[in-house]
Amino acid sequence: MKYGNINDLYESYELVIEDILDAIKYTEERNPNFNSEFLENVVDFLENRKDNVNRMNQRELYFNRFRGLE
């Protein structure tokens, strides 16, 4: 069973982050009293995970070149 690769995971995080940010913007336009603190914390968490995935991908590429797999 193939689960996908690191780039798919990275793109998924980007897509979810963009969607949440759009939802925050839309909701704040409709309801000025909306408190987006929780969703901003979720976006920060997802940005952190996306950065971790990117670093993991860079590390994997480096070690694959080092091992001669690329």
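**View 1. Buried residues of helix α1 in the predicted model.** In α1, the residues I6, Y13, I17, I20 and I24 are buried (under 20% relative accessible area with a 1.4 Å probe, protein chains only; exposed is over 50%, and partly exposed lies in between), and α2 is included in what covers the buried residues of this helix. Residues are numbered from 1 along each chain as its sequence is written, and side-chain values use heavy atoms, with hydrogens and water left out.

**View 2. The largest nonpolar core.** I6, Y13, I17, I20, I24, V43, L46 and V53 form the largest nonpolar core, of 8 residues (buried Ala, Val, Leu, Ile, Met, Phe, Trp, Tyr and Cys residues joined through side-chain atoms within 4.5 Å). Helices α1 (6-30) and α2 each supply at least two residues of this core, and the largest share, 5 residues, comes from α1.

**View 3. Surroundings of Y13.** Leaving aside neighbours within four places in sequence, Y13 is in contact (heavy atoms within 4.5 Å) with L46, R49, K50 and V53.

**View 4. The salt bridge between K50 and E47.** The structure holds 1 salt bridge (a side-chain nitrogen of Lys or Arg within 4 Å of a carboxyl oxygen of Asp or Glu), in which the side chains of K50 and E47 meet at 3.6 Å, N to O. K50 and E47 are 3 residues apart in helix α2 (residues 37-67), and so are separated by about one helical turn. K50 is buried, with a relative accessible area of 11%, whereas E47 counts as partly exposed at 29% relative accessibility.

Definitions and conventions: This is a predicted model: local features need pLDDT of at least 70, side-chain atom pairs count only at pLDDT 80 or more; totals for chains, interfaces and linings use all residues. Helices (H or I, at least four residues) and strands (E, at least two) are DSSP runs, numbered from the N terminus.
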